[in-house]
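Please look over the structure shown below before reading on. The questions that follow go through it step by step, and each answer ends on the value or name asked for.

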Amino acid sequence: MDSLAGIKLSFGCSLFVSLWVCVAAAHPHNCDNHLVSGLPQSAFSSSSALSASHSPSFAKLNRRDGAGGWSPVDSNKYQWLQIDLGERTEISALATQGRYGSSDWVTSYALMFSDTERNWKQYRQEDNTWAFHGNSNADSVVHYKLQYSVRARYLRFAPLEWNPNGRIGLRVEVYGCSYKSDVADFDGRSSLLYRFNQKSVSTVKDMISLKFKTFESDGVMLHGEGQRGDYITLELKESKLSLEINLGDTKLRAVNGHTSVILGSLLDDQHWHSITIERYNKQVNFTVDKHTQHFRTKGEFDYLDIDYELSFGGIPVPGKSVTYQMKNFHGCIENLYYNGVNIIDLAKRRKPQIHIMGNVSFSCSEAHSIPVTFMGPSSYLLLPSPAQMEGVTVGFQFRTWNTDGLLLHHELHGALAALHIHLADGR
């Protein structure tokens, strides 16, 4: 497709029952810069290194320094090679090699990514965790174009399989481009109010998009309402997203127009999740992380009538409908757009359309809680305890699909007893 001023235009179409709406989306023409080759040695780390000449800093593609690549002490599925890109970056492709002139290469690997170096997420494709095909010899290069780009600062290559006649050996390159975004951090008591130029705004179509991450399972992200009974609310409820919308009905304040849709699950994992809401008349596309639900609002009217303002991050103003006295959002929101308006950019520039309620900062603080995932029935976490400890205090939150399992075991010092917490039949 032809390019224009360095921008490539691609066209995506959304079907609203009998109506096609096509939107042109602009993407950077080039997002394939070499991200690893210019990094300093300090940007590389690993689970272990066979020797100083096998250190992770030698894991750059096509380099022959040291022993010609990274190799860990042991070749097993607990090894990893980590790269710090220095800042949050958009990653579009990967390339791998084995260790130069050796019988050491990786035939399959997983990709992990993180903004914090603590809370990791595995790359997924087709809604499944994804294993990348690696190399069949030490020196040929295998490229992989990601189906969905990843935005992260830290990457981990986790070998899954390797040459059975050798050991783990790896050299890598990562391709992508810089990633810029507008971020707002809400503390659970704050919000942004976007005030209209007139008393009321009536829209036949709306486009709302944003990304968010949080450790909290509940909180209002967006709310607007009108005196005639119209409203729109986007809220986290028990780690799922609820979209409630009412375009009104012939009877004032009637519940006939109320429509509620729930999408997603386990969204309080402190990873970024994307949301898009597209409405044209009664037809709505509600998308969370590439999963879309198409629905039609109830009631008789096509227009959404909102008075005075939209609130993002909560509902701070006394006097709003009692129905909507709900918990504010606690977490980060990124690239928040309402009908083409960049809400966070306006707030950062202190524009008069935006009123900041409470403490809203424009960088994303990291949560102090660190989650632990136990991948199988034989995995556990063992913590040392002082020999003369007289008591123990433990507090934690957990979630699981399993109905049975041991949560905690502690043998009490000096007594023939133990503290034992477990799930049995989901209780």
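With 100° about the S-S bond, the link between cysteine 332 and cysteine 364 is right-handed. This is a predicted model, in which local features need pLDDT of at least 70 and side-chain atom pairs count only at pLDDT 80 or more, while totals for chains, interfaces and linings use all residues. Residues are numbered from 1 along each chain as its sequence is written, and side-chain values use heavy atoms, with hydrogens and water left out.

Q: How many disulfides does the count come to?
A: A disulfide is a covalent bond between the sulfur atoms of two cysteines. Here it is taken as a pair of cysteine sulfur atoms within 2.5 Å. By this rule, the count comes to 2.

Q: What is the distance between the sulfur atoms of cysteine 332 and cysteine 364?
A: The pair links distant parts of the chain, 32 residues apart, with cysteine 332 in strand 25 (residues 330–338) and cysteine 364 in the loop between strand 28 (360–361) and strand 29 (405–411). Strands here are DSSP runs of E with at least two residues, numbered from the N terminus. The two cysteines form a disulfide in which the sulfur atoms are apart by 2.0 Å.

Q: Is cysteine 332 buried or exposed?
A: Buried means under 20% relative accessible area, exposed means over 50%, and partly exposed lies in between, with a 1.4 Å probe and protein chains only. Cysteine 364, at a relative accessible area of 21%, is partly exposed. Cysteine 332 has 2% relative accessibility, so cysteine 332 counts as buried.

Q: Is the disulfide of cysteine 31 and cysteine 177 left-handed or right-handed?
A: The sulfur atoms of cysteine 31 and cysteine 177 are 2.1 Å apart. Cysteine 31 sits in the loop between strand 3 (19–28) and strand 4 (33–34), and cysteine 177 lies in strand 13 (residues 171–178), 146 residues apart. The torsion about their S-S bond is about -85°, so the disulfide is left-handed.

Q: Which backbone oxygen does the side chain of threonine 89 reach?
A: Threonine 89 lies in strand 6 (residues 81–97), and at 6% relative accessibility this residue counts as buried. Not counting residues up to four places away in sequence, threonine 89 touches Leu35, Val150, Arg151, Ala152, Cys177 and Tyr179, where contact means heavy atoms within 4.5 Å. At 2.8 Å, its side chain reaches the backbone oxygen of glutamate 87.

Q: Which strands stand at the edges of the open sheet?
A: The open sheet has 7 strands in the order 20-19-18-17-24-15-27, with antiparallel pairing, and two strands pair if DSSP finds at least two bridges between them. Each edge strand has a single partner strand, so one side of each is left without a neighbour in the sheet; these are strand 20 (258–263) and strand 27 (354–357).

Q: Which residue in strand 24 is the bridge partner of histidine 223?
A: Strand 17 (residues 219–225) and strand 24 (residues 304–312) run antiparallel and are joined by 2 bridges. In strand 24, the partner of histidine 223 is serine 311.

Q: Which residues touch the most other members of the largest nonpolar core?
A: A nonpolar core is a set of buried Ala, Val, Leu, Ile, Met, Phe, Trp, Tyr and Cys residues joined through side-chain atoms within 4.5 Å. Among the 41 residues of the largest one, those touching the most other members are Phe212, Leu234, Leu241 and Phe286.

Terms used:
Helix = DSSP H or I, 4+ residues; strand = E, 2+ residues; numbered from the N terminus. Polar contact = N/O pair within 3.5 Å; in protein donor to acceptor, adjacent residues only side chain to side chain.
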